[in-house]
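Here are my notes after going through the model you sent.

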Amino acid sequence: MGGTELTGLTALELGAAIRRGEVSIPEAVRAALCAVEARNGAVNAFITVTARRALERAEKLQAEAGRARSPLYGVPMAIKDNICTRGVKTSCASRILGEFAPAYDAGVVDRLAGAGAVSLGKLNMDEFAMGSTSETSYYGPVRNPWDLARSPGGSSGGSAAAVAAGMGWYALGSDTGGSIRQPAAFCGVTGIKPTYGTVSRYGLVAYASSMDQIGPLGRDAADCAAVLDVIQGRDARDATSLDGRYGGLLDGLTGDVRGLKVGLPRDWYGDGLDGEARAAVLAVADVLKSRGAEVVELSVPVMDYAASAYYAIAAAEASSNLSRFDGIRYGWRAEECGGLDGLYAKTRSQGFGPEVKRRILLGALVLSAGHYEGRYQKALRARALVRDAFQAAFERCGVILAPTAPADAPRLGEGQPEELQARPGVAYTAPANLAGLPALSMPCGLDGKGLPIGAQLIAPRFGEGALLNAAHAFQLDTDWHRRIPVGRGGGVK
């Protein structure tokens with residue numbers, strides 16, 4: 001197979017070709033690196049490309065290919081730059097971390113290595129995962145392969161863009177308020193945020209610890225299921241991690257959704273939602289209904305306060321988590337600071353970007369004596385209401401179907417306001433993070449500009465099996481997940 005043919009395969013299709021001996025692992029890695037060389041200059045999805053390490057790893061894995069057990073053995077992938085990788089720069093797309101190279105691998109990196117993954121490098125993102133357009137990176141904005149003038153979404157914009165542009169067959173991202181699902185929607189790929197705690201956060205640089213979650217992005221639901229099978233499960237190094245309770249997800253993809261109740265929350269389809277997005281998402285319900293699912297209308301009244309609660313809680317946790325970056329222990333240090341206080345102030349002032357500073361200041365305000373009760377405690381009460389609303393909804397349905405974003409990808413420069421405010425798209429994705437629920441975005445159409453539209457599925461805790469099977473059922477009857485940008489950079493094929 002040629003490089004173009006290889007990059008058109010899903011991760012599982014490539015893994016099967018490797019096991020059959022039709023493709024060698026070094027051949028797959030070289031095809032991916034050629035795609036990176038050809039496209040990354042325009043897309044800017046990678047911060048660090050580890051070409052030599054990837055080729056050396058490929059040769060080693062090829063020599064042991066006869067003992068491969070994972071369906072993803074030998075498949076090249078890439079990792080968001082806030083997930084620690086031993087000996088490879090982990091910058092969180094921030095100046096303040098400089099050339100910091102951790103001495104250890106994150107838990108998910110360990111597990112993927114054990115399954116025979118080949119990492120191509122580290123992916124661009126919003127600085128410290130704070131943003132929704134992947135424009136706040138110290139290394140410059142990521143561009144959407146479907147239209148280079150547009151954002152790929154954020155903060156896992158590099159992860160989504162890399163998969164969409166054929167620069168790797170799957171990627172790891174992190175999701176705090178929609179940072180896997182929204183980029184997946186804007187870039188026409190599939191991404192899932194698992195149940196909070198079912199994937200280890202050990203080695204994930206924290207933004208908002210009570211909501212951060214690592215998850216995969218791939219071409220389709222089957223790829224995401226295969227990755228999640230590898231990375232799920234208890235990790236003693238992460239006190240919040242849980243025993244994996246959803247078993248073999250890939251084996252459970254039957255496409256049989258007979259008897260599944262799909263909830264349509266009427267509150268999420270009102271004013272503010274683009275008409276083309278509404279029609280495309282509702283068409284998903286029709287496909288699932290044709291396969292035997294039952295569609296029920298219900299109410300999940302969280303849209304009015306979910307975004308505000310998310311920003312208050314996330315900023316409060318960020319202000320605490322980012323206090324460790326002081327120019328002393330690791331990372332970049334400002335010069336000529338004039339004492340310890342000056343070192344702290346100058347390093348943080350020059351090392352953090354504007355969006356990170358805004359959220360740290362907001363978090364400090366939210367936690368201050370004069371605002372703690374009126375802002376932070378109120379946000380925690382709103383979070384409890386979100387959980388209660390989902391619990392009531394799941395008494396009537398097995399999964400919820402909703403838009404991932406209210407409109408298509410914004411143009412670069414249009415998505416970052418001068419002052420921090422609740423971006424409207426967060427209201428669609430943050431509720432799942434506030435409640436700790438699994439949620440998935442999958443491509444379900446193209447709008448009149450030729451840009452992808454994403455549909456979101458949300459399930460109860462540990463409901464990843466039903467979630468992925470519903471997405472798989474939809475993808476069996478449609479080909480939106482097979483659509484790719486022409487030349488992997490603008491247009492559609």
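1. Confidence to begin with. This is a predicted model, and the mean pLDDT of the chain is 94, with 95% of residues at 70 or more. Two stretches are another matter. Over residues 417-422 the pLDDT is below 50, and beyond near neighbours in sequence that stretch has 12 contacts in the model. Residues 489-493 also stay under 50, and the model has 18 contacts for them beyond four places in sequence. Where pLDDT is low, the predicted coordinates should not be read in detail.

2. On to the second largest pocket, which has a volume of about 410 Å³. Its lining is made up of 19 residues, and those that lie nearest the centre are Arg 53, Arg 57, Asp 105, Val 109 and Ser 119. Sorted by class, the lining has 9 nonpolar, 4 polar and 6 charged residues.

3. Next, the loop between β3 and α6 (157-164), where Ser 155 lies. A cis peptide bond joins Gly 154 to Ser 155, with omega about 5°. Ala 129 is found in the loop between β3 and α6 too. Although Ala 129 is not a glycine, its phi is positive, about 65°. Is Ala 129 buried or exposed? It counts as buried because its relative accessibility is 4%, below the 20% cut-off.

4. You will find Phe 462 in the loop between β11 (452-458) and α15 (464-477).

5. Now Asn 321, which is found in helix α10 (residues 306-321). Its relative accessible area is 10%, so Asn 321 is buried. Which side chain does the side chain of Asn 321 meet in a polar contact? That partner is Ser 209, at 3.1 Å. Leaving out residues up to four places away in sequence, Asn 321 touches Ala 206, Tyr 207, Ala 208 and Ser 209.

6. Last, Leu 412, in the loop between β9 (399-403) and α14 (426-435). Not counting residues up to four places away in sequence, Leu 412 touches Glu 135, Pro 141, Val 142, Arg 143, Leu 148, Ala 149, Arg 150 and Ser 151. For a sense of scale, Leu 412 and Ala 65 are 347 residues apart in sequence, and their C-alpha atoms are 43 Å apart in space.

Notes. Residues are numbered from 1 along each chain as its sequence is written. This is a predicted model: local features need pLDDT of at least 70, side-chain atom pairs count only at pLDDT 80 or more; totals for chains, interfaces and linings use all residues. Side-chain values use heavy atoms; hydrogens and water are left out. Helices (H or I, at least four residues) and strands (E, at least two) are DSSP runs, numbered from the N terminus. Buried means under 20% relative accessible area, exposed over 50%, partly exposed in between (1.4 Å probe, protein chains only). A polar contact is a pair of N or O atoms within 3.5 Å; within protein, one must be able to donate a hydrogen and the other to accept it, and residues adjacent in sequence count only if both atoms are side-chain atoms. Contact means heavy atoms within 4.5 Å. On a 1 Å grid over the protein atoms alone, a cavity is a set of points where a 1.4 Å probe fits but cannot get out, and a pocket is an open set with protein on both sides within 12 Å along at least five of seven lines; lining residues have an atom within 4 Å of a point. Grid points are joined across faces, edges and corners, and a volume is the space filled by probe spheres set on the points. Ala, Val, Leu, Ile, Met, Phe, Trp, Tyr, Cys and Pro count as nonpolar, Asp, Glu, Lys and Arg as charged, and the others, Gly among them, as polar. pLDDT is the predictor's confidence in each residue, from 0 to 100.
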